[in-house]
Amino acid sequence: MFGIKGVAAKSFDFDVPAWEWDAPHPHVPAVDHSYQFHGDVLQRILYALLTNKRAYLHGHTGTGKTTHIEQVAARLNWPCMRVNFDSEITRMDLIGRDTLVQEGGTTVSRFVDGILPQMLQGPYIGILDEIDFVQPDVAYVMQRGLEGNGLVVTEDGGRVIKAHPMSRLFATGNTVGQGDEYGIYQGARPQSIALLERFTVWAK
């Protein structure tokens, strides 16, 4: 499946879920046939997929953190959703907001789900990209979702969103969530330990 050969292939002798769709799925990444997987990181990603654990990939920019997850998804035909964090991402971006729409000539208010409910409600690999750049207080809205307990949308009358059994959440960051130890990632914020401990699989 991933082109692992030689002695290392023995440690990959296990089944992984793969998907088939009636038509090309718009959220399945394109396969890069020249991509070479890093064995240790690949094992951690696959372990997280199989056991429904939250995984955090960290490392310098350009080292392939997000691409690694996307290429795993591409090989498995598994749909992906990605949100790129920065200081402007708000609770409404993640959870959703009321939006005015026209219905039968009348303007009414309708709640539109944000990216997090969308990730959780389908068989998606959700990628929380550059999670160490989000404001720590905003990040707390993801706590319940990262615990695997779905989501309560208080803005939509307390609607409970149950996580799809095949939804998965991954995070990437230039740091390990405790600030920029290199002095080259301006804007990276120290994140709460309460958030970071939701991730039980780590890979550099």
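Which residues of S5 lie on one side and which on the other, and are they buried or exposed? I put this down as the opening entry; the model I am reading is predicted.

**Entry: strand S5**

I looked up both faces of S5. Ile125, Ile127 and Asp129 sit on one side, and Gly126 and Leu128 on the other. These residues are all buried, and both faces are covered. I note the count as well: five of the five residues of S5 are buried.

**Entry: what S5 pairs with**

I then looked for the partners of S5. S2 and S5 run parallel and are joined by five bridges. For Ile127, I found that the bridge partner in S8 is Phe170.

**Entry: helix H2**

I checked the length of H2, residues 65-76. At 1.5 Å a residue, its 12 residues should span 16 Å, and its end C-alpha atoms are 17 Å apart, which agrees.

Next I looked at burial. In H2, 10 of the 12 residues are buried, so the helix is largely enclosed by the rest of the structure. The buried ones include Lys65, His68, Ile69, Val72, Arg75 and Leu76.

What covers the buried residues of H2? I listed helix H1 (39-51) and strand S1 (55-58) among the covering elements. Strands S2 (80-84), S5 (125-129) and S8 (168-173) are also among them.

**Entry: after the helix**

I looked at the residue just after H2. Asn77 takes a positive phi there, of about 60 degrees.

Key
Residues are numbered from 1 along each chain as its sequence is written. This is a predicted model: local features need pLDDT of at least 70, side-chain atom pairs count only at pLDDT 80 or more; totals for chains, interfaces and linings use all residues. Side-chain values use heavy atoms; hydrogens and water are left out. Helices (H or I, at least four residues) and strands (E, at least two) are DSSP runs, numbered from the N terminus. The expected span of a helix is 1.5 Å times one less than its number of residues. Buried means under 20% relative accessible area, exposed over 50%, partly exposed in between (1.4 Å probe, protein chains only). Contact means heavy atoms within 4.5 Å. Two strands pair if DSSP finds at least two bridges between them.
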